[in-house]
Amino acid sequence: MNRIMGGRSSAIQLESTDLQHSTNASAHHTISYMNKNLIVRRGQPFTITLKFNKPAQTSDNLKLNISTDPLFLGSINNDLPIQIPSQGNGATWSVSSTQKSNDLIVTINSPVNAVIGCYTMTISFSSGGSNTSKSLGNVYVLFNPWVKGDAVYLENEAEKNEYVMNETGVIFYGSSSTLRARPWDFGQFEEDILDITLKILDGSIDYRRDPKKEVTLRHDPVHVGRVLSAMINSQNDYGIIVGNWSGDYTGGERPTKWNGSTDILRQWKNNGPVRFGQCWVYAGVLCTVLRCLGIPTRVITNFASAHDTDENLTIDRYFDKDGGESEETADSIWNFHVWNESWFVRSDIGSAYDGWQVLDATPQEPSKGIYRLGPCSVKAVKEGDVDLEYDAPFVFAEMNADVIDWLVSPDKSKNKISSNARSVGRLTSTKAVNSNERVDVTNNYKYAEGKDLVFNCGQFLSVRKVL
């Protein structure tokens, strides 16, 4: 309890505040966060107690002022400040209150689509003919998968416990014939990880270009996921991890050294981009910050994962007459590749594509000029709707691309040698709910053998046999 002393006066004075940390944290599933500030989830009321020197009256003109960013105090949300009490319809901030002697018990209701982040709270009131303002401290507002209407609402309780609350897990790696599991400590509730996650958002290109606009977009998990997928790699900004696939890790750590996210995030906070990482490291850290903000997230491993550089939905390999691979070959197939899936609605492309969305922080190809990927609807990939945002052709190819071998003649002409529709996208795996067992989710991305699939990519339609 923070005590604010005042002198003897007939004017109302705030003597102390109680943000009821324990009660609110328990109700909002935030009790695991190691953070001294109040942490709540949007779309769900929380209660604080204000102790005055005398009972509050209507003439005291009490107002609660809430701001998402001190740089824009009072200007981020036009509905603030809020009169105490105030009416609300669920779409705006509102406040109700109960008077008990000198204590005013204030219940604050945030909208289900509130901007996530750190809010500053102040109380203002009339005192002796002048207005007085007192700080009540900070409150973090997060996404809320427990409340219907939130874009990240997830009905199954066991899945919420796994994909939001679980701090540990495994990441699958190796090859389709030698599949292995690597333990990973996500640590999303550890001390300072929430502050670091918000610092990552503040480091994005979008924030630097227009801070006020970028903050207002943080109500949308589509935007937040896309920003974080860009910021976890260091390619275009002051992001978290420097990638290295060369085998020479001079000046940094071998990617296999890492077994958790928190050391990486703290090193970035203190010293900038961390050397080095590969796909599973990017995915582990991205899972941490997404879960930290309340977005249900899991780690996905795709074996025999295609890298289609030109978005023609095929993996083209070029060989000379002696069987050597031509320098023209740019596409490739990785033994395995790791990305994330996050659960939220897609109001931008239609409710048919709600559910799991691919987010990938590994820098492979630029997406609208920045190395990032997603969110891409898993349902859209399965149905071949690859004209939808974001980066669906690339994800489709990772799972479904035909591998075509070409013979390059001395005159540079090309003749098709073979085509294989079976080799890409195998044993796509994630950790099971409540255990470290492997769950195969390949069928979430593509149909079983023998189905004709019509896919839409830009200005053309095509039919292919999914095997």
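Buried means under 20% relative accessible area, exposed means over 50%, and partly exposed lies in between. Keep those cut-offs at hand for this tour of a predicted model.

**Stop 1**

Select C118. Its relative accessible area is 22%, so C118 is partly exposed. Now jump to C287. Here the relative accessibility is 0%, so C287 counts as buried. How many disulfides does the structure have? The count comes to zero. The rule behind that count asks for a pair of cysteine sulfur atoms within 2.5 Å.

**Stop 2: helix α10**

Select residues 392-400. This is helix α10, and the helix is mostly covered. How many of its nine residues are buried? The number is nine of nine. Click through them in order: A392, P393, F394, V395, F396, A397, E398, M399 and N400.

**Stop 3**

Side chains of opposite charge can pair when their charged atoms come close. The structure holds 14 salt bridges. Start with K368 and E389. Their side chains meet in a salt bridge, 2.7 Å from N to O. Where do the two residues sit? K368 lies in the loop between β19 (366-367) and β20 (370-371). E389 lies in the loop between α9 (378-383) and α10. The pair therefore ties together parts that are 21 residues apart in sequence.

K368 has 60% relative accessibility, so K368 counts as exposed. E389 has a relative accessible area of 31%, which means that E389 is partly exposed.

**Stop 4: R346 and D348**

Select R346 and D348. They form a salt bridge, and the closest N and O atoms are 2.8 Å apart. Is R346 buried or exposed? R346 counts as buried, because its relative accessibility is 0%. D348, at 40% relative accessibility, counts as partly exposed.

**Stop 5: R438 and D440**

Move on to R438 and D440. Their side chains meet in a salt bridge at 3.4 Å, N to O. R438 is partly exposed, with a relative accessible area of 33%. D440 also counts as partly exposed, at 38% relative accessibility.

**Stop 6: a network**

Finish by selecting E190, D192 and R266 together. Which feature joins these residues into one network? Salt bridges that share partners do.

Technical notes. Residues numbered from 1 in each chain as written. Predicted model: local features only at pLDDT ≥ 70, side-chain atom pairs only at ≥ 80, totals over all residues. Heavy atoms only, no water. Buried < 20%, exposed > 50% of the residue type's maximum accessible area, 1.4 Å probe, protein only. Helix = DSSP H or I, 4+ residues; strand = E, 2+ residues; numbered from the N terminus. Salt bridge = Lys/Arg side-chain N within 4 Å of Asp/Glu carboxyl O.
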